[in-house]
Amino acid sequence: MPTTKPASRAVATRSRGSTEAALFPLVPNRKVRRLARRSAAQAGRTLKAAARAAETAMRQTAKAALAASRAAEPRPARTERAPAGRFVTVDGLRVHVIVRGRGRPVVLIHGNGTMAEDYAICGLIDRLAERYRVIALDRPGFGRTDRPRLRAWTAAAQAALVGRVLDALNVERPLVLGHSWGTLVALALAAEGRRDLRGLVLLAGYYFPQLRADVTLAKPFAVPILGDAARAAVPGPVNRALAEQSFRQVFRPQPVPARFTARFPVEIAAAPTQLRAVAEDAAALNATAAWLQTVYPRLTLPVEILTGDADGIVDPAAQSMRLHAALPGSRLTVLPGLGHMIHYGGRAKVERAVDRLMAPPTGRGGRGAA
C-alpha cells in the first residue's frame, strides 16, 4: 500500500542509521556530525597553537645554536687592565714589580691570594713613596708573574728570586715588609744571611705550624695533574664568586673596602695560574713554618711585628705574640678590633713601624710592645 511503504522505509532508515551509529561510531548521524564539527574546530585551534609553539621553539633552538657556535669561535682575549708596574727578567722569569719614590728602599711582599697591587690599593705604596723608594713585587704565580712548574716554589726559593730581583734593581740594604704568607718569604730572605737587611716588618703572619683545615684541603689541589683537573672542573664564575667570598673572610670584621672592590683584579686572582699558586703555598704552610722556627733564635736584625686582635685567619696569640717572644729585639704592636688585612684599617700604624726601623738605631726605643 502506498500509504505504508514510505513509513516502513523511514522506520527502516531510522533503524539502520541507529544501528550503524551504534555499531560504527565513525558513521555520522546529525548529532555526531555536530559534535564532529565542534571537535574539528577545536582540533584546528589546537594544531595552530602547536604550530606556533613549534615555530617559537625552533627559533629559540636556532638562536641557541648560533650563540653556541659564536662562543666556540676563537675570539680576541678580553682586555685586562694594564699592569700597575713593569717587568724585571731574572733567570728567564718575568717578574712584575711596582717601583715608586726615591731614597732608602722598602720592599713589600704580599700574602697568599693577593698580589703587589694590594699595597697600591690600600695606599701604602703611595704613602711610603713620599719618603722612600718602594718596591712591591708579584710572587711566583701571583698577579702577573709566572710560576714555572719545574721548580718547587718554597719560601726559600721565592726569597732567592726576590733577592735576584733586588740585585737587578740595584737595591741595597732594604727594609722588607711582608703580609701573611709574605712574612715567610721575608723571614726566609733574612735567614739565608747573604743580604744585609735593614730590618723586617711582619704583618698578620703565620710563623708556627698548627692544625688547619685549609692546609689539609689545599693539598689535593696542589698535586700536579690531579689539582689541575680539580680546578678545571670548577667554572670560572664559581671561582670568581669563591674569590670574592674569601675577600670578605680576610677583611672580617671590617667590610671589604669599596676601593678594593673597585680596583682589585679579581679576574687575575681567579685565574688558573694564581689558583694553583694559592693551593701550593697553602699546602706548604706548616712545613715552611716548621723549617723557619728553627731559625728564629739566630735572627738578630730589628723586627716589627703587627697583628690585629680580631684576626680570624691566623691566631694572634699562637703566631705573632709567640714570635715576639722568640725573636730577640722584636717589637709587637697589637691593633684592637682589626682583622687580617691590617694594612688597610691600620695603615698608619704600619707606616710608623716602617719609620721606626728607618730611623737611627737610637730612635727605636728597643724591644717592647705597643
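User: Which residue in E6 is the bridge partner of leucine 177?

Analyst: This is a predicted model in which local features need pLDDT of at least 70 and side-chain atom pairs count only at pLDDT 80 or more, while totals for chains, interfaces and linings use all residues. Residues are numbered from 1 along each chain as its sequence is written, and side-chain values use heavy atoms, with hydrogens and water left out. Strands (E, at least two residues) and helices (H or I, at least four) are DSSP runs numbered from the N terminus, and two strands pair if DSSP finds at least two bridges between them. Strand E5 (residues 175-179) runs parallel to E6 and is joined to it by five bridges, and in E6 the partner of leucine 177 is valine 201.

User: Which residue in E7 is the bridge partner of leucine 203?

Analyst: E6 also runs parallel to strand E7 (residues 303-308), and four bridges join these two strands. Within E7, leucine 203 has as its bridge partner leucine 306.

User: Are the residues of E6 buried or exposed?

Analyst: Buried means under 20% relative accessible area, exposed over 50%, and partly exposed in between, with a 1.4 Å probe and protein chains only. On one side of E6 lie Gly199, Val201 and Leu203, and on the other Leu200 and Leu202, so that both faces are covered. Five of the five residues of E6 are buried.

User: How far apart in space are arginine 198 and leucine 301, C-alpha to C-alpha?

Analyst: Arginine 198 lies in the loop between H6 and strand E6 (199-203), and it counts as buried because its relative accessible area is 15%. Leaving aside neighbours within four places in sequence, its contacts (heavy atoms within 4.5 Å) include Arg104, Pro302 and Met358. Although arginine 198 and leucine 301 are 103 residues apart in sequence, their C-alpha to C-alpha distance is 7.2 Å.

User: Is serine 180 buried or exposed?

Analyst: Serine 180, found in the loop between E5 and H6, has a positive phi of about 55° although it is not a glycine. Asparagine 170 also has a positive phi of about 55°, but that residue counts as exposed because its relative accessibility is 64%. With a relative accessible area of 14%, serine 180 is buried.
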